[in-house]
Amino acid sequence: MDDGPPPKRSARQEVYGFVGWMATWVILFAYLIWTFLPDSVLHPLGITYYPDRYWAILGPQYLLVTFIFSIICYGALNLMDTAPLDSYNLLTDKDAREVGIQDLLKEEGDVPPIADVPITVVNEILYNTKPDPTEEDAPILYNLKFKS
C-alpha cells in the first residue's frame, strides 16, 4: 500500500535542525573539556577566561532542582485551581447537557448519548439495591449495575 511520497519539508527546517544538533554537541564537548582538563592544559590552548570549576558541578544541579521545582509548582497550581470537594462545580457547569435516566435506558444494547449524567441518576443506578419489577425499564436498569 503506497501512500505516495513523503511530504516535503523546507530546507530551512533541515538546516535549523542540523545547526541545533551540531550546537548541542559543541556545547557538550566544550563543557566536558572545561570540566575535566586542568588549567595547565587550557592556558597553552589560549583558553584563559572561563567560569570557576565550582559551576561545573553546581550548574547541572541547579538545572535539575529547577526542573523538579517547576514540576512541583505546576502540580500545586493545578491543585489551587481545582474547586473544593464540596463544590457544586465538580458536578456540573454552565455547559452541561444533562440527560435523565429514561434517556439513558431506551433499549438494551443502545449506546447512550454523550452527556453529563446527573449525580442523582448515577446514585440511582449504582446504589439501587433491587429495581422495582413493575417498572418497564427494570431489566435494563438491573443490567447497568456492577455484576459480581
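**Ground rules**

I noted that this is a predicted model, in which local features need pLDDT of at least 70 and side-chain atom pairs count only at pLDDT 80 or more, while totals for chains, interfaces and linings use all residues. Residues are numbered from 1 along each chain as its sequence is written, and side-chain values use heavy atoms, with hydrogens and water left out.

**Overall layout**

I looked up the secondary structure and found six helices and zero strands, where helices (H or I, at least four residues) and strands (E, at least two) are DSSP runs numbered from the N terminus. I then checked burial for the protein, and of its 148 residues 14% count as buried. The accessible surface comes to about 13,100 Å², of which 65% belongs to carbon and sulfur atoms; such areas come from the Shrake-Rupley method with a 1.4 Å probe, and for residues only the protein chains shown count as cover.

**Thr35 in helix H1**

I found Thr35 in helix H1, which covers residues 11–36, and it counts as buried because its relative accessibility is 19%. Its side chain reaches the backbone oxygen of Tyr31 at 2.6 Å; a polar contact is a pair of N or O atoms within 3.5 Å, where within protein one must be able to donate a hydrogen and the other to accept it, and residues adjacent in sequence count only if both atoms are side-chain atoms. Leaving aside neighbours within four places in sequence, I listed Arg53 and Ala56 as the contacts of Thr35, with contact meaning heavy atoms within 4.5 Å.

**The salt bridge**

The search of the whole structure finds one, and in it the side chains of Asp39 and Arg53 meet at 3.1 Å, N to O. The pair links distant parts of the chain, since Asp39 lies in helix H2 (residues 39–42) and Arg53 in the loop between H2 and helix H3 (54–81), 14 residues apart. I recorded both partners as partly exposed, Asp39 with a relative accessible area of 36% and Arg53 at 23% relative accessibility.

**Aromatic rings**

How many aromatic pairs does a search of the whole structure find? I noted five, using the rule that rings of Phe, Tyr and Trp (its six-membered ring) pair if their centres lie within 6.5 Å, with planes under 30 degrees apart counted as stacked, over 60 as edge-to-face and the rest as tilted. Phe18 and Trp21 form a tilted pair, 5.9 Å centre to centre with 40° between the planes. These two residues are separated by about one helical turn because they are three residues apart in helix H1. Tyr62 is partly exposed, with a relative accessible area of 47%, and Tyr54, Trp55 and Tyr62 form one aromatic cluster.

Note on methods. Buried < 20%, exposed > 50% of the residue type's maximum accessible area, 1.4 Å probe, protein only. Salt bridge = Lys/Arg side-chain N within 4 Å of Asp/Glu carboxyl O.
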